[in-house]
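Morning, everyone. Please have the sequence and the model open side by side. I'll go through a few places in turn.

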Amino acid sequence: MEDTLLVVNCGSSSLKLALFDGQYRKLASALAERLGQNDAFARVENRNEAIDLKPGAGHDQALEALVSAFRDQGLMASSPKAIGHRVVHGGETFREAVLIDDDVIRAIDSCAGLAPLHNPVNLSGIRATLAQFPEVPQAAVFDTAFHQTLPKRAFLYALPAAWYRDWGIRRYGFHGTSHAFMAAEAARLLGKTPATTSVISAHLGNGCSITAIRDGISVDTSMGLTPLEGLVMGTRSGDVDPGLFDFLRSKGIPAEEVHRVLNQESGLFGLSGQTNDMRSLCELADHGHEPSRTAIDVFCFRLARYVGAMMASLNHLDALVFTGGIGENSARIRQETINHLHLMGFELSTDLNKHHGEFSDGRIESTDSRFPVLVIPTNEELVIAREASRLAGPIDPA
Ligand code: ADP
């Protein structure tokens, strides 16, 4: 039986697994949701039947159930060769992926203050996996690592210097694994080397961020200290005036409530009052729902504005790249965004855009566009699998 690589992505109440073979072909994915709740469930994708989980099952029980489902299906005869974990925040400690040992666990724990919703659950996934596969090398791949190359002028906020020095308040940036993948894929599609390729990469999923990548290196990005800053997202506001906290306090709304609304009830959901799902929003807008139309308009304008902002970090541009559920699938959102960028010389081909670049090596720009525009399906799991395999090194044939 061939080597396998396992990728683990833990959310606060969810666990996603992806299993790859030694040639990085995906063998299976699996998902557990509502962990810790009475209706916790799990299933292997492309199989209809759900896997029974006990009410209140946690990450460890979900992991055990899903791994044994992989085994029952003959997908994982022995332990994986390596395991890769998505870890949200690596602070300034981690500039790249690392093999996990006790020191790394302590360091991830010490970054938890910066990502209280994410790092502790990432760690519970790591602990559960270590308990189940103590002999397998495991790697932590950080969302923030790719952005550790940001220059000071891009990562510092204009705040008292002591806030950065004493508390680490700065721009960290997220979605780094996806942006790194996009930069490498764009270089490949354009027939260039990554080290000479400069792109602006827009990752548009439920969370959205945009990054300027200069000669293969991240030099500016829209998310900040937390993944709340920047673009309009599904339920997150992106940029707002911090003066809002004081204004709302005067209305009797405490900071914790403002924080909750900015994270969970804003963005597309807040503006439309209906949904955080872009596909549904487009349908609602088509049926004349004005707030949905407005939500789309704000989303695209903010994105276009950020494309302009990212230009300030580049000395040339090889491509603007779209990815994520929205970026890959919505010709309309790409078109409405590019409509704001005529002055910069971006133009789309209606036909290539309609087909998401599927028959044109990802290219969707028109012949008179000043810059190429690409659609590239992101693949964060693949990057994590590759990193885990690279760090685990060749396996001992004995
Ligand atoms: P996540 O960040 O959770 O991984 P995804 O990258 O899967 O999310 O993106 C989810 C978003 O992509 C949703 O808003 C969904 O509506 C949107 N999306 C998916 N397909 C389409 C489509 N054809 N048109 C518009 N939006 C789409």
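Start with the second largest pocket. This is a predicted model, and in it that pocket holds about 810 Å³ of space. How many residues line it? The lining has 35 residues. Nearest the centre of the pocket are Gly176, Thr177, Ala180, Phe181 and Val383.

Which elements give two or more residues to that lining? They are strand E7 (138-142), helix H6 (176-190) and helix H15 (380-392). H6 gives the largest share, with nine residues. Now sort the lining by class: 17 residues are nonpolar, eight are polar and ten are charged.

Next, strand E8. Find residues 199-204. Are they buried or exposed? Six of the six are buried, and the strand is mostly covered. Look at where they point. Val199, Ser201 and His203 go one way. Ile200, Ala202 and Leu204 go the other way. Here is the general rule: in a regular strand, side chains alternate between the two faces of the sheet. In E8, the residues pointing either way are all buried.

What does E8 pair with? On one hand there is strand E9, residues 208-214. Six bridges join E8 and E9, and the two run antiparallel. They form a hairpin, with three residues between them. To find your place, look for Val199, which stands opposite Ile213 in E9.

Then there is E11. Five bridges join E8 to E11, and this pair runs parallel. Which residue of E11 is the bridge partner of His203? That is Thr323.

E11 comes up again with helix H13, residues 331-338. The buried residues in H13 are Ile333, Arg334, Glu336, Thr337 and Ile338. What covers them? The cover includes two strands, E11 (319-323) and E12 (373-375). It also includes helices H10 (278-286), H11 (290-311), H12 (324-329) and H14 (350-354).

Last stop: Val67. Val67 sits in helix H1, residues 59-72. Why does Val67 count as buried? Because its relative accessibility is 0%, and buried means under 20%. Which residues does Val67 touch, leaving out those up to four places away in sequence? Leu17, Met76, Gln132 and Phe133. Now compare Val67 with Ser79. The two are twelve residues apart in sequence. In space, C-alpha to C-alpha, they are 9.7 Å apart.

That's my tour. Over to you.

Terms used:
Residues are numbered from 1 along each chain as its sequence is written. This is a predicted model: local features need pLDDT of at least 70, side-chain atom pairs count only at pLDDT 80 or more; totals for chains, interfaces and linings use all residues. Side-chain values use heavy atoms; hydrogens and water are left out. Buried means under 20% relative accessible area, exposed over 50%, partly exposed in between (1.4 Å probe, protein chains only). Helices (H or I, at least four residues) and strands (E, at least two) are DSSP runs, numbered from the N terminus. Contact means heavy atoms within 4.5 Å. Two strands pair if DSSP finds at least two bridges between them. On a 1 Å grid over the protein atoms alone, a cavity is a set of points where a 1.4 Å probe fits but cannot get out, and a pocket is an open set with protein on both sides within 12 Å along at least five of seven lines; lining residues have an atom within 4 Å of a point. Grid points are joined across faces, edges and corners, and a volume is the space filled by probe spheres set on the points. Ala, Val, Leu, Ile, Met, Phe, Trp, Tyr, Cys and Pro count as nonpolar, Asp, Glu, Lys and Arg as charged, and the others, Gly among them, as polar.
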